[in-house]
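Me: I have a structure open that I have not looked at before. Can you go through it with me?

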Amino acid sequence: MVRGTHAKKEVEEALSYAESLGWRVLSGGKGHAWGRIYCPYNEADCRCGEFCIASVWSTPKNPGNHARHLRRIVENCTARR
């Protein structure tokens, strides 16, 4: 299934980065969410599953900060280390 592209360039680059590391990106969300990213490992040891799913906002106040936040979630995955 082909996902839609995010309107903000910085966020779209962060989503592409997450996909390159195996994270699943699903567009289509409820409310202000554009979609979600899902950890490929999703293990019980992975911080209790708390960070295995993250929302991607459709209209973030600061797209650069939101993109950095998404990258930080992907890079700090404990199962990947």
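Me: What do the side chains of glutamate 19 and arginine 3 meet in?

Reply: They meet in a salt bridge, 2.9 Å from N to O. A salt bridge here is a side-chain nitrogen of Lys or Arg within 4 Å of a carboxyl oxygen of Asp or Glu. Glutamate 19 lies in helix 1 (residues 9-20) and arginine 3 in the segment before helix 1, so the pair ties together parts that are 16 residues apart in sequence.

Me: Where do these numbers come from?

Reply: This is a predicted model, where local features need pLDDT of at least 70, side-chain atom pairs count only at pLDDT 80 or more, and totals for chains, interfaces and linings use all residues. Residues are numbered from 1 along each chain as its sequence is written, and side-chain values use heavy atoms, with hydrogens and water left out.

Me: How many salt bridges in the whole structure?

Reply: The search finds two. In the other entry, arginine 3 bridges to glutamate 12, with the closest N and O atoms 2.8 Å apart.

Me: Is arginine 3 buried or exposed?

Reply: Arginine 3 counts as buried because its relative accessibility is 15%. The cut-offs are under 20% relative accessible area for buried, over 50% for exposed and partly exposed in between (1.4 Å probe, protein chains only). Glutamate 12 is buried too, while glutamate 19, at 34%, is partly exposed.

Me: Changing topic. What order do the strands take in the sheet?

Reply: Three strands form an open sheet in the order 1-2-3, with antiparallel pairing. Strand 1 and strand 3 (53-57) are the edge strands, each pairing on one side only. Strands are DSSP runs of E with at least two residues, helices are runs of H or I with at least four, and both are numbered from the N terminus. Two strands pair if DSSP finds at least two bridges between them.

Me: How many bridges join strand 1 to strand 2?

Reply: Four, between residues 24-27 and residues 33-38. Serine 27 stands opposite glycine 35, and valine 25 stands opposite isoleucine 37. The hairpin has five residues between the strands, and glycine 28 takes a positive phi near 95° there.

Me: Which ring does the charged end of arginine 24 sit over?

Reply: The ring of tyrosine 38, 4.5 Å from its centre. The rule is NZ of Lys or CZ of Arg within 6 Å of the ring centre and within 35 degrees of the ring normal. Arginine 71 has its charged end over the ring of tyrosine 17, 4.6 Å from the centre.
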